[in-house]
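Here is a short report for a first look. Please keep the sequence and the 3D view side by side.

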Amino acid sequence: MRVQESHVSAIILAGGSGSRLWPLSRQHLPKQFLTLDGDVSLLQTTINRLSPVIDAKNVLIVTQEVHAKGEAYHALLPYRTLFEPVGRNTAPAIALAAAYLMADGADPIMVVLPADHIIKDEGRFRAHLSTAIEAAEGGRLVTFGIRPTRPDTGFGYIKAHAGVTPEIYAVERFTEKPDYATAERFLKEGNYYWNSGMFVWRASVILAEIRQYLPVVYQLIQTIIAESRAAGTFEQAVDKHFAAMPSISIDYGVLEKAGHVAMVPCDVGWNDVGSWQAVHEMSGKDENGNALQGNVIALDCKNSLIRAEKRLVTAIGVEDYCVVETADAVLISKSGQTQRVREVVDILHHRSATEHVYHAKVNRPWGSYTVLEENQDGFKIKRIEVAPGARLSLQSHDRRSEHWVVVSGTATVTNDDEVITVQKNQSTYIPIGAKHRLENLGDKPLHIVEIQVGAYLGEDDIKRYEDNYGR
């Protein structure tokens, strides 16, 4: 029995801290918004591979508001989105999505997918997906198990055996990330699979399980539903109550305890892109096993990933290394230790640094800005690009003034009660405290150089009064 397409929704989990693929990924631009393999982001690739099983109009992306109103604005714009005010792992996110989908009386099959995985055999994946959807129509909680290729301590494991149908296995148990000896034993014993984090179930069924095994999550969801019906919106109720959710995964919170969990065994060329070593594994390579991208010269190098984003990167005699260059940071790591970039991110956090938060070039809904220089003596220089027809928020700063020099295009500048036009090779001054706005009313990009001067130059020194993008 085939489930009608309109009764199936894809829930794309697109949170994340941006630490695994640092320095390319950042807190404000996690890996699902990066282009690693091909011409589109991992998020868009995830959505594209669902067609024709699930139409894009039935996609719901659960993400954090900082992404939806910041660097990922344009990537998320075409799709329905549900914002988490804070990250609380997969169980609260899935419960929230189920409640949202059922708010208008529907009870769809939910296909829950991480936004940041690679799947090489998309045709086979869609065939497995159709099988899982049919099983979920019968009330099962379905997960996808990946046939392991090596003993890996970075994944959870599922023990399952044939018995439901030739394509649907019965799950015996879940095991959290094991040590290496245990992972080796699992592979020798057989019937163990990597836990992919991909799931299929009916919305009402997973909510019933959450009610039984995670009553605190369920009660908070009911509070959100009740308040959204009584007054305000669903998002306003989420903003008020979601932070009280416990941080818990759906695997640990529900699936390890539930009694009717099934698994679809998969061999689809799956990669969770959990480290730079994983990126190397799934990338195209030269005759020496090197994955090279950007302006790179590699002499006598073997089995290495070398990626240049901004500058020329050269390497000589390098073997089993990962080298990743960006405008403001360079990573050099032995291939087997790339998961330790999280330790680097932790150190940057404790230093109150910004290199793990955003890039030197930061995309915004209206365009982008690039930090050219930041000096401890109290000034910062930026290059700002405003897209045709776009404008920044009406804002003010308490601790800095700004000097704007137009180098290309024509700027319309609001400076308190004055609105002026600033042409190429002209400049204007925004004093501390002035309500100001920069607009591009033309049909070509506007480029300006901004010089900030003040005692504090942080990006949070902004008071917004009007904003086209809801920030």
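## Ground rules

This is a predicted model, in which local features need pLDDT of at least 70, side-chain atom pairs count only at pLDDT 80 or more, and totals for chains, interfaces and linings use all residues. Residues are numbered from 1 along each chain as its sequence is written, and side-chain values use heavy atoms, with hydrogens and water left out.

## Helix H6

H6 spans residues 180–189. Helices (H or I, at least four residues) and strands (E, at least two) are DSSP runs, numbered from the N terminus. Thr182, Ala183 and Phe186 of H6 are buried. They sit on the same side of H6, because they cover an arc of only 100° around the axis. That arc is taken from the directions from the helix axis to the C-beta atoms. Buried means under 20% relative accessible area, exposed over 50%, and partly exposed in between (1.4 Å probe, protein chains only).

Ala181 and Lys188 are exposed, on the other side of H6. What covers the buried residues? The cover includes strands E7 (157–162), E8 (169–175) and E9 (192–202). Gly190 follows H6, and its phi is positive, near 80°.

## A nonpolar surface patch

Ile297, Leu299, Leu312 and Ile316 form a nonpolar patch on the surface. Together they have about 400 Å² of accessible area. Such areas come from the Shrake-Rupley method with a 1.4 Å probe; for residues, only the protein chains shown count as cover. Patches are made of residues with over 30% relative accessible area and no salt bridge; like charges are joined within 9 Å, nonpolar side chains (Val, Leu, Ile, Met, Phe, Trp, Tyr) within 5 Å. A salt bridge is a side-chain nitrogen of Lys or Arg within 4 Å of a carboxyl oxygen of Asp or Glu.

Leu299 belongs to strand E13 (residues 296–299). Its relative accessibility is 46%, so Leu299 counts as partly exposed.

## Glu325

Glu325 lies in strand E16 (residues 321–325). Its relative accessibility is 3%, so Glu325 counts as buried. The Glu325 side chain reaches the backbone nitrogen of Glu309 at 2.7 Å. Leaving out residues up to four places away in sequence, Glu325 touches (heavy atoms within 4.5 Å) several residues, among them Arg307, Lys310 and Val330.

## Val453

Val453 is part of strand E27 (residues 446–454). At 37% relative accessibility, Val453 counts as partly exposed. The C-alpha atoms of Val453 and Glu176 are separated by 51 Å.

Note on methods: A polar contact is a pair of N or O atoms within 3.5 Å; within protein, one must be able to donate a hydrogen and the other to accept it, and residues adjacent in sequence count only if both atoms are side-chain atoms.
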